[in-house]
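Open the model in your viewer, keep the sequence panel beside it, and follow the stops below in order, selecting each residue range as it is named.

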Amino acid sequence: MIEVNDVTKRYGDTLAVDHLSFSVKPGIITGFLGPNGAGKTTTMRMILGLDSPSSGTVTVNGRSYRNIGAPMHQIGALLDAKAANGGHTARQHLGWIARAGRISAARVDEVLELVGLAEVAGRRVGGFSLGMYQRLGIAAALLGDPETLIFDEPVNGLDPEGIRWIRSFLQCLASEGRTILLSSHLMSEMEATADHVIVIGRGRLIVDTSIAAFTQRSASSHVRVVSPRTADLVPLLERAGATVNAEDGALIVTGIDAPVIGNVAAVHGLELHELSPRRASLEAAFMELTQGSQYQGMLASPAA
């Protein structure tokens, strides 16, 4: 488990993270989102001991990264997929990292097989595609078979096959009970991959909830209702706490969910021809939530 407890980080006069607290639990994939400049990279660097908090604590399984005796066996990370010497082969690259972490050479071949690079283990990394670099970075993160994994933009620039592979692979790792923190600008892919979402802005926590709850709370989420007795239904729904608008012969209802609407109609004997929940996309919910941020700029684009 990753625990960020009341963490503040300053770089001179710049406040990068401001009294931030959250935890990342095992067994699920937690998405880490925020507009550009929100403090995501700084937070991940503090988790990995690359930066120190100005105040507060960051722990992995109860210890700060710098106090973990064999950190590669506790936490693995992919922050920059292309951080590899292009003149080395994939096996050489991983072998060097394994030796630094006192990990057996046999584990190198195991992770190459896991990520689908066994057949190119002897090829120089400089000739790899971006997708192969991403797989190599994931292999490096897995060398110590850690319980906790952090991935920053692992699907950036990949083709559909590569994206599907990473999605299913991360979900498999989570099903083994590992703690996974995933940062990405690709909202549609985050929605398809993550179970939980943490959103920060200007260094502060905005949302810490499930993907379903986050999108449901958006104003873009609603229930479409069609009934031959809309004039009778509208005041009943409003008394139940709904906001009701008419659109193309239907009622667009927000504030209450479909079962409540169905119960109201049933109790009063009102016929319904359609009762369709429409949930906002993760991107729509995110943009709505962060539209006031001065760092607005996070879009469904890997270049953002």
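Begin by selecting Gly49, which follows helix H1 and has a positive phi, near 75 degrees; helices (H or I, at least four residues) and strands (E, at least two) are DSSP runs, numbered from the N terminus. This is a predicted model, in which local features need pLDDT of at least 70 and side-chain atom pairs count only at pLDDT 80 or more, while totals for chains, interfaces and linings use all residues. Residues are numbered from 1 along each chain as its sequence is written, and side-chain values use heavy atoms, with hydrogens and water left out.

Step back to H1 itself, residues 40-47, where six of the eight residues are buried, that is, under 20% relative accessible area with a 1.4 Å probe and protein chains only. Among them are Lys40, Met44 and Ile47.

Next, select Pro154, in the loop between strand E6 (148-152) and helix H5 (160-175). Is Pro154 buried or exposed? Its relative accessibility is 1%, so Pro154 counts as buried. Beyond its neighbours within four places in sequence, Pro154 is in contact (heavy atoms within 4.5 Å) with Leu78, Gln134, Ile166, Leu182 and Ser183. Leu136 lies 18 residues from Pro154 in sequence, and their C-alpha atoms are 11 Å apart in space.

Now display strand E5 (75-78), helix H2 (90-100) and helix H4 (130-142), each of which supplies at least two residues to the lining of the largest pocket. The lining divides into 17 nonpolar residues, three polar and one charged.

Finally, move to the open sheet of four strands, ordered E11-E12-E10-E13 with antiparallel pairing, where two strands pair if DSSP finds at least two bridges between them. Strand E11 (243-247) and strand E13 (274-278) stand at the edges with a single partner strand each, so one side of each has no neighbour in the sheet. Within the sheet, select E10 (residues 222-226) and E12 (residues 250-254), which pair over three bridges in the antiparallel sense, and find Val223 opposite Val253 in E12.

Methods: Ala, Val, Leu, Ile, Met, Phe, Trp, Tyr, Cys and Pro count as nonpolar, Asp, Glu, Lys and Arg as charged, and the others, Gly among them, as polar. Buried means under 20% relative accessible area, exposed over 50%, partly exposed in between (1.4 Å probe, protein chains only).
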